[in-house]
Amino acid sequence: YNFYLKTKGGTVPLSGKSMYPALKEGWRVKVVSEDASNIKVRDIIVFGKEGLICHRIIGKIKFFGRYYFIQKGDNSSIGGIAKGDDLIGKVAEAFDEEGKNINISECLKADNKNMNILAHFYFIVYLLKRFIWRDSTNAITRFARRLYWKFI
């Protein structure tokens, strides 16, 4: 359940419950353009190509000169990878249903225990799926698949 943003630029309405309680369905957020190198853990970003998604950054990795963000909704138990190339921007302001400005610093507070461990786990799984899974004839690939499914 991702927060899909309905339009680009300015303030946009949020739909979905994945960022609850930091951001709520029906609120609007102001998204500002930001370079991938300036995004930090705990920032809330908007990314995507087909549908826009608003999630919190729990980890950031630079791999072969490209940025990858490990992201998840606050109300989600699992996350995923967002490529730096898909970054639209970060959430700068939030407004409730009545248009009242929400203190964004309160929204950015997150329970950060295990964020780093979880982030690296997601990235390793991403690399396994992206690169190793391509060659199914390789004994290392077969072993990695068995190991992956055992832990997942």
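These exercises walk through a predicted model of one protein chain.

The model is predicted: local features need pLDDT of at least 70, side-chain atom pairs count only at pLDDT 80 or more, and totals for chains, interfaces and linings use all residues. Residues are numbered from 1 along each chain as its sequence is written, and side-chain values use heavy atoms, with hydrogens and water left out.

**Exercise 1. The fold in outline**

Solution: 
- Step 1. Helices (H or I, at least four residues) and strands (E, at least two) are DSSP runs, numbered from the N terminus.
- Step 2. Count. The protein chain has 3 helices and 9 strands.
- Step 3. Check the contacts (heavy atoms within 4.5 Å). Take those with a separation of 6 or more: 51% of them join residues 24 or more positions apart.

**Exercise 2. Inside and outside**

Solution: 
- Step 1. Buried means under 20% relative accessible area, exposed over 50%, and partly exposed in between (1.4 Å probe, protein chains only).

**Exercise 3. Backbone in the loops**

Task: Examine the backbone at Pro-21, Arg-42 and Phe-64.

Solution: 
- Step 1. Start at Pro-21, in the loop between strand S2 (11-15) and strand S3 (28-32). The peptide bond from Tyr-20 to Pro-21 is cis, with omega near 10°.
- Step 2. Move to Arg-42, in the loop between S3 and strand S4 (44-47). Its phi is positive, near 90°, though Arg-42 is not a glycine. Arg-42 is partly exposed, at 30% relative accessible area.
- Step 3. End at Phe-64, between strand S5 (52-63) and strand S6 (66-72). Phe-64 also is not a glycine, and has a positive phi of about 50°. Its relative accessibility is 79%, so Phe-64 counts as exposed.

**Exercise 4. Asp-43 and Ser-105**

Task: Which residues does Asp-43 touch, and how is Ser-105 placed relative to Asp-43?

Solution: 
- Step 1. Locate Asp-43. It sits in the loop between S3 and S4. Its relative accessibility is 10%, so Asp-43 is buried.
- Step 2. List its contacts, leaving out residues up to four places away in sequence. Asp-43 touches Asn-38, His-55, Arg-56, Ile-57, Lys-90 and Leu-108.
- Step 3. Look at its side chain. A polar atom there lies 2.9 Å from the backbone nitrogen of Lys-40.
- Step 4. Go to Ser-105, in helix H1 (residues 104-108). Ser-105 is partly exposed, at 38% relative accessibility.
- Step 5. Compare positions. Ser-105 and Asp-43 are 62 residues apart along the chain, and their C-alpha atoms are separated by 9.9 Å.

How values were computed
A polar contact is a pair of N or O atoms within 3.5 Å; within protein, one must be able to donate a hydrogen and the other to accept it, and residues adjacent in sequence count only if both atoms are side-chain atoms.
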